[in-house]
Amino acid sequence: MTEETAQASPPPGEPVFVEVLTDEELSVLSRPGPMPVLPCLDQMLPRDLETARRTAYRSLVARGIVDPATPQAVAAAQRSDDGSVELSVRQDVASLVALREGARMVVALARTTAATQDFWYAHVVEDVVLLEEVSRDGFHRFALTRTCALSEATTAAAVHPEAADSTGAPEVMAAGTGDPTPPERLLEQLGAAFVRTDLIVRRVGDQQPPAFSVLSGPKGSWTLEPAGDEHPATGVLATPVSATQARARVTEAVDGVLAEIGVLHG
């Protein structure tokens, strides 16, 4: 375990809150990557990005998260290839950035309801998990928990707390590529109180990580996944499940990759 990870290790029990950071602040503190999303920053015009990052730097200094850059650091940045300035970052935030960038496995959820959409990530580093909840306006709320609590935390985040059972045969339904809206017939059954969760479990080096969707609410639960070769390419296979089965499907996806990491890395 690294020094940063050891200092960030949470006690057993509920997740421990660490900090809230904006898209812009994270772009100052961390290296860019394919995930997590930066919903606010990604919508900015290129000409506005530098101004946003400068403002974020001033905010980080004002909040005591970053120390002002020293003249030596500025001079070193001017001599470097990329012009980046080495910053002195408060230890708790430096630890969460280190955990975020060093994760061996990431669970990513995109959650859509009738009114909103947000994103939830779990970054796994050995026995510590950094939880990151991202709002549509670009606020990232960080907390720490243990890897032994990962499946429970993911299930709670992915499945509606009042999810009910659905029955019947699986059915292929048309759905547009990348469209998070449930198929119309399911919407009629779900009503207004539903959560669609698109889930990906990715470990380092994965080219085809496990991915599927869960629809859940007080009026029923379904799993959604590509229909397969025997069905139309644009089809989605909607399988009615009980709330228990929906939660079990999420747990199996997470525990399966955790087990692979244990086998592969000892």
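This is a predicted model: local features need pLDDT of at least 70, side-chain atom pairs count only at pLDDT 80 or more; totals for chains, interfaces and linings use all residues.
Let me begin with a term: a salt bridge here is a side-chain nitrogen of Lys or Arg within 4 Å of a carboxyl oxygen of Asp or Glu. With that rule in hand, E260 forms a salt bridge with R203, and the closest N and O atoms are 2.9 Å apart. This pair links distant parts of the chain, since E260 is in helix 8 and R203 is in strand 7, 57 residues apart.

Residues are numbered from 1 along each chain as its sequence is written, and side-chain values use heavy atoms, with hydrogens and water left out.

Now the overall picture. The protein has 8 helices and 10 strands, where helices (H or I, at least four residues) and strands (E, at least two) are DSSP runs numbered from the N terminus. Of the 266 residues in the protein, 42% are buried; buried means under 20% relative accessible area, exposed means over 50%, and partly exposed is in between, with a 1.4 Å probe and protein chains only. If we take contacts between residues at least 6 apart in sequence, 62% of them join residues at least 24 apart, a contact being heavy atoms within 4.5 Å.

Let me turn to the interior. In soluble globular proteins, nonpolar side chains tend to be buried together. A nonpolar core, as I use the term, is a set of buried Ala, Val, Leu, Ile, Met, Phe, Trp, Tyr and Cys residues joined through side-chain atoms within 4.5 Å. Which residues of the largest nonpolar core touch the most other members? Of its 26 residues, they are M105, V107, W120, L150 and V201. Several elements each supply at least two residues of this core, among them strand 2 (105–112), helix 6 (150–158), strand 7 (195–203) and helix 8 (243–265). Helix 8 gives the most to this core, with 7 residues. Apart from this core lies another, of 25 residues, including V28, I65, F119 and V128.

Are R111 and D118 buried or exposed? Both are buried.

By the rule I opened with, the count comes to 13 salt bridges. Another one joins R54 and E50, whose closest N and O atoms are 3.6 Å apart; both residues lie in helix 3 (residues 46–62), 4 residues apart, about one turn of the helix. R54 counts as exposed because its relative accessibility is 56%, whereas E50, with a relative accessible area of 42%, is partly exposed. There is also a network of salt bridges that links E19, E25, R63, R90 and D92.

I will finish with E126, which is found in the loop between strand 3 (117–125) and strand 4 (128–134). E126 has a positive phi of about 55 degrees although it is not a glycine, and at 38% relative accessibility it counts as partly exposed.
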